[in-house]
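Please prepare a short briefing on the structure shown below.

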Amino acid sequence: LHEAIIPRGARQGQSQLKRTCSIFAYEDIKEVHKRRYLLQPMAVEVFSADGRNYLLAFQKGVRNKVYQRFLAVVPSLADSSESVSGQRPNTSVEQGSGLLSTLVGEKSVTQRWERGEISNFQYLMHLNTLAGRSYNDLMQYPVFPWILADFDSEELDLNNPKTFRNLSKPMGAQTDDRLTQYKKRYKDWEDPNGETPAYHYGTHYSSAMIVASYLVRMEPFTQIFLRLQGGHFDLADRMFHSVREAWLSASKHNMADVKELIPEFFYLPEFLLNSNNFDLGAKQNGTKLGDVILPPWAKGDPREFIRVHRDALECDYVSAHLHEWIDLIFGYKQQGPPAVEAVNVFHHLFYEGQVDIYNINDPLKETATIGFINNFGQIPKQLFKKPHPPKRVRSRTNGELTSIPPSSSSDKIFFHHLDNLRPSLAPVKELKEPVGQIVCTDKGILAVEQNKVLVPPGWSRTFAWGYADLSCRLANYESDKALVVYEGLLEWGQILCAICPNPKLVITGGTSTAICVWETGTSKERTKSLTLKQALLGHTDAVTCLTASSAYRIVVSGSRDRTCIIWDLNKLSFVTQLRGHRAPVSAVCINELTGDIVSCAGTHIHMWSINGSPIASANTFTGRSQQILCCCVSEMNEWDTQNVVVTGHSDGVVRFWRMEFLQVPETPAPEPVEPDVPDCCGDEKLEGGESHNGDDDSSESDADESSLNQESRAPPNPTGGSGSQPGSTVHRPRGPSSRAGASWSMDSGSDDSHRWSDSLSIDEKDGFVFVNYSEGQTKGAAPHPAPPGQASAPQPLPPATADPRTFHQLKAGYRWERQLVFRSKLTMHTAFDRKDNAHPAEITSLAISKDHSKILVGDGRGRVFSWSVSDQPGRSAADHWVKDEGGDSCSGCTVRFSLTERRHHCRNCGQLFCQRCSRFQSEIKRLKISSPVRVCQNCFYNLQHERSVDGGGRN
């Protein structure tokens, strides 16, 4: 028998093969699948509910007995719910044509993909699982396609077919020269022994060596690579060092290289970094190997490479052609005459059923065959015997691909329309105390007060704490009647926060500094008590907030000691500590898609990777006394640059932040000593000179607070980026001059590109990064004096005829830097500085609906408001509209409103005007209002000016 991951090498002694024993309960087993090992049907793969999985290889004849035993003793295997392969175990991969399956409405994973119900990445993972590919066996590791052919551009054009690899051809047929040679090899093949049939390729697109070479910078793959290489790294010129070079080798230059990719290229930035500082040697030209060299469009950032690469995998072009690649790898072009026609025939030992190693009598030949299979790769199980159906691409017309921007009018995703969010005019839920948690279920919105959490998955019960006797209670959500009172928790002090990651676990934190993991019994007798499973020790002051991720099986705790700790939920052990907060940590959340962690302390937001590396941070300080009380993140399509981090503040404002790339100088000015609280003197001095819109045009804050930038500043207009810098990415200079060349890098073609406002809201100006959305054009903004001592050297204006795409190119002396940039805010009902809010309150809880069409805001008065995308922009109430009760006279001519003189909102600034003062009509591009709507005179002239500047810039 061989080791499950890789066969034992010649240099390996028994001492290196220490076996570890792993135990898990039968009820924790989610699935068991029959698998191949060494192309033989002799293994099973066991999937556990906590994410662990194992490939178990047996001797011939034993596997089926073990599998039957699993079926007999594991309760979940009788369940017919969806499996890791994306469909019910008994559903055919190819579409069922039977009447029964049509009546039952049972859909195969292929049908779900065709309809766009699952992403391209998910579908490829499902196919790999169904075809027996496994992370537990490097010899049949999941295989993914090369999808791009452009590794030279500054920016990827996903609408240009030339950007992509030809998915209808295997890697060996990407260039005509190689294709001709492979065809010649097949045609001229002669084997004197008659044992080896003709083939195009003697190497495979996926093998243990290929996988280990891609992942060589990460353990345990470094050790696996060394074992395969006989204890040393390969020659530096042959190592995986550059994505571009790897593509050219596999598609063009090397006759022995036809490798495809692995799933990590679409989700794991860490494998591109040499974080362990391995000495990988130097190439013949003297280049020392370190981190993987990325294409220019990745901006030197592995996270951006993964995001853009995943975006490309999910784009319309790939969606329309992916079925052609599936035909080659998993489908009808894998074997037989169609494979010959498609130039897709591999050495016969790569195929299942070609050899039975148990019937080889010659030990040398047996060893050689096993070695060949181990080292050179295995063809996946054939899943489709007919051509695979294409995906129904949403923007397909007459067979041609046309691009529809993601934020088209039919799209109701809230973070695509931050300027057009419509508030519920009354609360959708009202509680007696401040809102502590909001949960969106299929049946509706549930909310509980602070010191309570809802218990998943039914959400019908709550766990409550904070009683004078330090007891906790399990209560019914509807009636609030206590079902169980848990006592005897006194020794762990006062509980300040708690979470229920699953129905069996409750995790509490509080003044004792320990995080207690409690188990609730399942039987009736045991439910009456909480059993301490583990006390997690690491903080030095009270634990203030907790969150858990069921997808990544981690818990994150925040404390008054100004640190967060990541804990492993399976092993209940310490993983790493997140340091660098300037105040006690007040809120934490985890992105279930990416594993990124957001922590908030005082006025600062910090973003970290799941491994604890800092990604970015920002200071939300606005010149007013406020701090962050809660946060959440949008989790839809992790490749979408418009995803937001949402923060709820004590000043009653909800703020939205986006991760964007800015250009910053390579050698900035010396870093000034930054006080804990940024300079706010500019606010008071400027308040008086602010135009009448004040803070009420808050839905326009996209433009108001982040539309300017020092790069596009002329001497007469020193507005904008002159405020003190937010504390942001680690190692970032924080002086005003450090932003001197900032320019925004994504979504330049969208409507967001031309945002500006004639009068800037000074609110929050001093705490924010300002971004140029103008594609080389400068918009005229009402000049405001810069705060004293903050002005920096003016920059020359770019020429009006600048190439719209040059702004993606990195200027000399600058580097790309990822930053959290303020994008918008919500103020209606809750903000303290809006005079028309009768009952302002601090924001205590936030939640996002599953379909991301709504954002729910809970406040200190127990109200929950719902915000959703307006169906008719400009026709229904928006956040920046002053409430009717907020004014009794016209903002323009001061005439008093009456029965005959009705109130009218200016759709642009949101103020109340009389009929005469609001008789003007205009489109408002910034708010995506394309038909003329009512605006005031001042806004009308400013919007006309904007249109003329726009038109002049394009001509």
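Lys259 counts as buried because its relative accessibility is 15%, where buried means under 20% relative accessible area, exposed over 50% and partly exposed in between, with a 1.4 Å probe and protein chains only. This is a predicted model, in which local features need pLDDT of at least 70 and side-chain atom pairs count only at pLDDT 80 or more, while totals for chains, interfaces and linings use all residues. Residues are numbered from 1 along each chain as its sequence is written, and side-chain values use heavy atoms, with hydrogens and water left out.

**Salt bridges**

- Lys259 forms a salt bridge with Asp257, with 2.8 Å between the closest N and O atoms; the term requires a side-chain nitrogen of Lys or Arg within 4 Å of a carboxyl oxygen of Asp or Glu.
- Asp257 is also buried, at 7% relative accessibility.
- Lys452 and Asp480 form a salt bridge, their closest N and O atoms being 3.0 Å apart.
- Lys452 lies in strand E10 (residues 452-455) and Asp480 in the loop between strand E12 (472-476) and strand E13 (482-486), so this pair ties together parts that are 28 residues apart in sequence.
- Lys452 is buried at 14% relative accessibility, whereas Asp480 is partly exposed at 44%.
- Asp859 and Arg863 meet through their side chains in a salt bridge of 2.7 Å, N to O, and both residues are buried.
- The whole structure contains 23 salt bridges.

**Packing of H4 and H9**

- Helix H4 (residues 120-130) packs against helix H9 (residues 302-314) at an angle of about 80°, and their axes are 8 Å apart; axes are lines fitted to C-alpha atoms, for helices over the stretch in contact, and angles run from 0 to 180 degrees between N-to-C directions.
- That angle makes H4 roughly perpendicular to H9, a class that covers 65 to 115 degrees, with under 35 roughly parallel, over 145 roughly antiparallel and the rest oblique.
- Asn120, Phe121 and Leu124 in H4 meet Arg310, Leu313 and Glu314 in H9, where contact means heavy atoms within 4.5 Å.

**Whole chain**

- The chain has 15 helices and 36 strands, taken as DSSP runs numbered from the N terminus (helices H or I, at least four residues; strands E, at least two).
- Of the 955 residues in the chain, 56% are buried.
- Among contacts between residues at least 6 apart in sequence, 62% join residues at least 24 apart.
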